[in-house]
Amino acid sequence: MAQKELIKRRTALSANIIGFCRFIRQKGFRIGPIEEVDALKAIEILQPYAAPQDFQLCMKTVLCRSLQQQRKFDELYRQYWTELEKAVDSKVVESEGDGQKSKNSASQQPSFQALKSWLQGNTQAEKEEVATYSAFEAMGQKDFSTFSEDELTEVLQLIQMIARSLAFQFSRRQKKAKRSARLDLRRTLRLNLRRGGEIMDLAFQKPPRNKRKIVLLCDVSKSMDLYSQFLIQFIYAFQNAYRSIETFVFSTSLHRVSQQLKDKDYKEALTELSQSVPDWSGGTRIGESLTTFCKDYASKMLNRNTIVLILSDGWDTGNVDALKTSMKQIHSKAAKVIWLNPLAGNPAFEPSVQGMTAAMPYIDIFASAHNAASLRKIVSHLRKR
Amino acid sequence: MEHSGLAHIKDLLQKQAYVTEPSIVMSIFLAKQLKKPLLIEGPAGVGKTEIAKVMAKALETDLIRLQCYEGLDAPQALYEWNYQHQLLHLKMDEQTDSSLEEKEKNIFSDKFLLKRPLLQAITHHQAPVLLIDEIDRADEEFESFLLELLSDWQISIPEIGTIQATHIPQVIVTSNRVRELSEALRRRCLYLYISYPTFEKEVQIVQQKVPGIDDRLGQQICLFMQELRKTKLDKIPGVAETLDWAQALAALHIDHLDKEIVESTLGIVLKDWQDIRQTQLSLSELFEKVGAISKLDQL
């Protein structure tokens, strides 16, 4: 009899664990059958009579896969089990015929209703909740201009990911060559000729880790002021990820700032810079600035190994034709032209159609970069290539 | 009442002078029981690598370590043929009249195989602890290669054939979160995040690892470190730095912190010139906080 009880209880427990797995899956956890099996196994190892906090920790260890998930877990866990207990209680109460009371308490608890309806298989409401749940997700919708320090570090990580995926984007292309060309036969033979052709030493070869070069062209005109924080983070992250990076800033004219940024504390250097560049926060003449770039630097800096990254809102008060010609020139010389527009996501923003449409045909990747969500999109976009 | 398996792990860790937390104990316990790799993330210097070392000691087995770095590829992690040795052998073998097949079989035998950490781990005579350190430094390609190994536990060497794992090693993967790891790898592992220890825990660690230290000095050091971590630094010092510092100060027979001592030994704690300069500038402020709190303690 006692054994029968035990099995029954355990079955109920397993059902609840599966229920919990499905509950947090709805909340954005990636839980598959493997995780469910793990959870059940873990509980079996731990035995059902373990201390409640051990039980919770056990589930947390088995089901969480990242720090973000761990942060969410405890709250979800509490939610599920307290609601479940309530559900069990209310069932007992209802069966005793006191339905009125339990209905009242239920109506006071909207989350209870949600869980109950979810347990009954209605997942609609839950799905809506998912969209607004995570704090990180919410950040995705927020403009950079209103970010706190904490959120900025998260964004900084994203920017670093972009920098890194740009750096190694084309390394896959060399993979085959790397494998097949490991032994350098020519050098091996030559090396061993001096020993009468007896092959003693082997020479190897490996294609150089061909890091991309980056030319960063940053718009620092008045219209971008709101995003200066973002711009600085962006330049900062790229400078960290790349050895060979050339940075220019422009508003009405072009300034090469790579040298000033080297060997200095970065944030300091940028503050200094914003004071020393005469037209920081000035008007925008992208066309003229890019023409200067083409004339003075393009032939030296651009080749098939260089990515040109332009950060600008496209507001142009200058010469559209000049913009078009210089973009064409840059496009033909560089491996890739990427244009990130921090303002594109702002509803109040209307692109200067002329300037942007003139440049558009010569841009390989155009993306808005106004919040974390759009940055994440860029990362996945770059990964695919 | 505490679970016996958990208590056992906790005991083992404590015997190795590792100051532990429930979450660490649970992770190690489950990783061992479910035979799953354990992925440990956290900032530098909080004792991620230490867990593997302690675990190997506690389980009385060997630790095999694979340090990842940018550009690490499969041969460096798995196996290589010892070409020079093979060539020499062929040369010496020239005079004998063994057949070509025999020669071939001979030079592609175990003798000429240089086992790298991963192959070592799966052919070890007992299940070892395999530490794959700082996986985020390796390329994504290497990560996918690792995935294959972690699920199949076999390695195929064209000249020899497939080598099956004799024992499945207990795998510990660590990451400093330089790069986001793939979802696939995460799903194969149990996850553990270790952050900087609380003041109480750090004091315990210092007392465990630097036995001769003055109690008050240990507390002051930890308080100072806790406050220091709150300031904006480029490279936040971990527990390793705390211990270095404690050891250094203990060796100098110092029994309390003062500004001069901190200033002259700051290089042990901070490894970045900018950070040092910044801390030097705000030292009195930091000291006020530490002093105020330690005075409260004495009351």
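Rings of Phe, Tyr and Trp count as a pair if their centres lie within 6.5 Å. Keep that in mind as you look through these close-ups of a predicted model.

**Figure 1. A cluster of aromatic rings in chain A.** Ring pairs join Phe20(A), Phe23(A), Phe55(A), Phe73(A), Tyr77(A), Tyr80(A) and Trp81(A) into a cluster. Over all chains, the structure has 16 aromatic pairs.

Figure 2. Phe142(B) is buried, at 2% relative accessible area, whereas Phe145(B) is partly exposed, at 21%.

**Figure 3. Phe224(B) and Phe287(B), a pair that links two helices.** Here too the aromatic pair is tilted, with 6.0 Å from centre to centre and 55° between the planes. Phe224(B) comes from helix 11 (residues 215-230) of chain B and Phe287(B) from helix 15 (residues 283-298) of chain B, so that the pair links distant parts of the chain, 63 residues apart. Are these two residues buried or exposed? Phe224(B) and Phe287(B) are both buried.

**Figure 4. Where chain A meets chain B.** On the chain A side, 45 residues are in contact with 40 residues of chain B. Together the two chains bury about 3700 Å², with 52% of it on carbon and sulfur atoms. Five residue pairs are in polar contact between the chains (both at pLDDT 80 or more). Which helix of chain A gives the most to the side that touches chain B? That is helix 2, with seven residues.

**Figure 5. Salt bridges between the chains.** How many salt bridges are there between chain A and chain B? The count is two. In one of them, the side chains of Lys36(B) and Asp38(A) meet at 2.4 Å, N to O. Glu35(A) also forms a salt bridge with Arg187(B), their closest N and O atoms being 3.0 Å apart. This pair crosses from helix 2 of chain A to helix 9 (residues 183-188) of chain B. Glu35(A) is buried, at 1% relative accessibility, while Arg187(B) is partly exposed, at 26%.

**Figure 6. Salt bridges inside chain B.** Glu50(B) and Lys209(B) meet in a salt bridge at 3.5 Å, N to O. They link distant parts of the chain, 159 residues apart, with Glu50(B) in helix 3 (residues 48-58) and Lys209(B) in helix 10 (residues 199-209) of chain B. Glu50(B) is partly exposed at 28% relative accessibility, and Lys209(B) is partly exposed at 29%. Another salt bridge joins Lys271(B) and Glu241(B), whose closest N and O atoms are 3.5 Å apart. Lys271(B) lies in the loop between helix 13 (259-269) and helix 14 (273-281) of chain B, and Glu241(B) in helix 12 (residues 239-251), so the pair ties together parts 30 residues apart in sequence. Lys271(B) is exposed, at 55%, but Glu241(B) is buried, at 15%.

**Figure 7. Two buried cysteines.** Cys21(A) is buried at 0% relative accessibility, and Cys68(B) is buried at 1%. A search of the whole structure finds zero disulfides over all chains.

Conventions:
Residues numbered from 1 in each chain as written. Chains lettered and ligands numbered in written order. Predicted model: local features only at pLDDT ≥ 70, side-chain atom pairs only at ≥ 80, totals over all residues. Heavy atoms only, no water. Disulfide = S-S within 2.5 Å. Buried < 20%, exposed > 50% of the residue type's maximum accessible area, 1.4 Å probe, protein only. Phe/Tyr/Trp six-rings, centres within 6.5 Å; stacked < 30°, edge-to-face > 60°. Helix = DSSP H or I, 4+ residues; strand = E, 2+ residues; numbered from the N terminus. Contact = heavy atoms within 4.5 Å. Buried area = accessible area lost by both parts, 1.4 Å probe. Salt bridge = Lys/Arg side-chain N within 4 Å of Asp/Glu carboxyl O. Polar contact = N/O pair within 3.5 Å; in protein donor to acceptor, adjacent residues only side chain to side chain.
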